[in-house]
Amino acid sequence: MSADECRSNRSYERFFSSAFIRDPRFRQRVRFIIHRCSSVFIGSCLVFLGACAAPVAAVSPKDYPELGAFIESMVERHGFDRAALTRLFRRATLRPQIVAAMERPYEALPWHEYRRTFLTEARVRLGVRYWERHKDILARAEEHYGVPAELIVAIIGVETHYGAGQGRHSVLDALVTLALDYPPRADFFRRELEAFLLLTRELDLDPADVRGSYAGALGIPQFIPTSYREFAVDFDNDERRDLFNSSEDAIASVANFLSRHGWATGQPVIDAAAIKSGADGWPEPFGPEPTRTLREWLADGVFPEHDRASETTPEDRRAALIALEGETGPLYYLGYNNFYVITRYNRSQNYAMAVYQLARAIKSRYYGES
Ligand SMILES: [Ca+2]
């Protein structure tokens, strides 16, 4: 019993033992009233809590004609059962808080704030532990896909804290909400909803039971459903691509994703850059896609501050000029193809930089260099 409950019980006893109220019938009546009041109060609380937890709006094709069209296309193109799908969507709930979360993505924070979440001592330490625990699988994945172990570890570390937090949202609710109630990306999320229904059918899962991120990302590596279907691999040979429970499958799938997006083994990722004063105007464009050669950047007054790894960077290597928001002003980098590949996992440059720096920190700790 809490201290508050003890205090309240003592007041109650004092009330009944006071000399003022001696008549047993009166005391019984007061007890009855108190009992009724507390029942009504508790009942109201339960109704209120129930209302909070209850569906905000059940989803039906009557209210959303585009859902009707979606169901028809799932029936025609993929052989789904119309009545079963309609029943499934009745179990879904539109959740306005999902749209709110989409509208204030974490990646929109300035770099100097964003990095504080991911580049922490705990995340480096747990990354080293994760690498040690899965070193054979990581070595096998690195050998097979040409993607360094520390990068795979860092992505899983940033996505789900090494598999610990795969997301608490109903993926069905998230994707239905975003497909129906988030016009800026409704088409994108309708395709994800389609892929999610195909995927859960392939994996024999009940779509209403699957949990993930508010944007519908799934499992240890947080693949969106289209990526899951396209890039997940079965690395433990149980004939199931299980990104929810299998570290083997998750690790190899991250490596496969990066490899299929053009990861170039042994090539540099990014260099800090300096912009020489007197350059003719402000160099453009910013952005992750490496569209210009280093030679062109040099001509514009943008210089890589070489570290040993990329000292020999040829001048015809393509690079993008990246600007991140530092505490005291912009930080400039030349991002190469491999940096662009990391942004295919998540379009944010903050994300790609956090993954890259975390990977380096984990690697140097793993090999005892820090
Ligand atoms: Ca498997």
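Me: What is the handedness of the crossing of H6 and H16?

Reply: A crossing is called left-handed if the near helix is turned anticlockwise from the far one by less than a right angle, and right-handed if clockwise. In this predicted model, the crossing of H6 and H16 is right-handed. The labels come from DSSP: helices are H or I runs of at least four residues, strands are E runs of at least two, and both are numbered from the N terminus.

Me: At what angle do the axes of H6 and H16 cross?

Reply: Two packed helices are described by the angle between their axes and the distance between the axes. Axes are lines fitted to C-alpha atoms, for helices over the stretch in contact, and angles run from 0 to 180 degrees between N-to-C directions. Here H6 (residues 111–118) and H16 (residues 349–366) cross at roughly 45°, and their axes come within 10 Å. H6 is therefore oblique to H16; under 35 degrees counts as roughly parallel, over 145 as roughly antiparallel, 65 to 115 as roughly perpendicular, and the rest as oblique.

Me: Which residues of H6 and H16 meet?

Reply: Two residues are in contact if their C-beta atoms, placed from the backbone, lie within 7 Å. On the H6 side these are Trp111, Tyr114, Arg115 and Phe118, and they meet Asn350, Met353, Ala354 and Leu358 of H16. By class, this contact has 6 nonpolar residues, 1 polar and 1 charged. Ala, Val, Leu, Ile, Met, Phe, Trp, Tyr, Cys and Pro count as nonpolar, Asp, Glu, Lys and Arg as charged, and the others, Gly among them, as polar.

Me: How do H10 and H11 pack?

Reply: H10 (residues 171–181) and H11 (residues 186–203) have axes 7 Å apart, at an angle of about 150°, and their crossing is left-handed. Among the H10 residues in this contact are Val171, Leu175 and Leu178, while H11 brings residues including Phe189, Leu193 and Phe196. The contact has 9 nonpolar, no polar and 2 charged residues.

Me: Why is H15 described as largely enclosed?

Reply: Burial is a neighbour count: a residue is buried if 20 or more other C-beta atoms lie within 10 Å of its own, exposed if 12 or fewer, and partly exposed in between, with C-beta atoms placed from the backbone. In H15 (residues 337–345), 7 of the 9 residues are buried, so the rest of the structure largely encloses this helix. Phe339, Tyr340 and Ile342 are among those buried. Their cover includes H9, H13, strands E3, E6 and E7, and H16.

Me: What is the phi of His161, and of Tyr162?

Reply: Most residues other than glycine have a negative phi. His161 has a positive value near 50°, and Tyr162 has one of about 60°. His161 is partly exposed, with 16 C-beta neighbours inside 10 Å, whereas Tyr162 is buried, with 20.

Me: What is the mean pLDDT of the protein?

Reply: pLDDT is the predictor's confidence in each residue, from 0 to 100. The mean is 85, and 79% of residues reach 70 or more. Over residues 1–55, however, pLDDT is below 50, and this stretch has 6 contacts beyond near neighbours in sequence. Where pLDDT is low, the predicted coordinates should not be read in detail.

Me: Which rules apply to numbering and to the use of pLDDT?

Reply: Residues are numbered from 1 along each chain as its sequence is written. Local features need pLDDT of at least 70 and side-chain atom pairs count only at 80 or more, while totals for chains, interfaces and linings use all residues.
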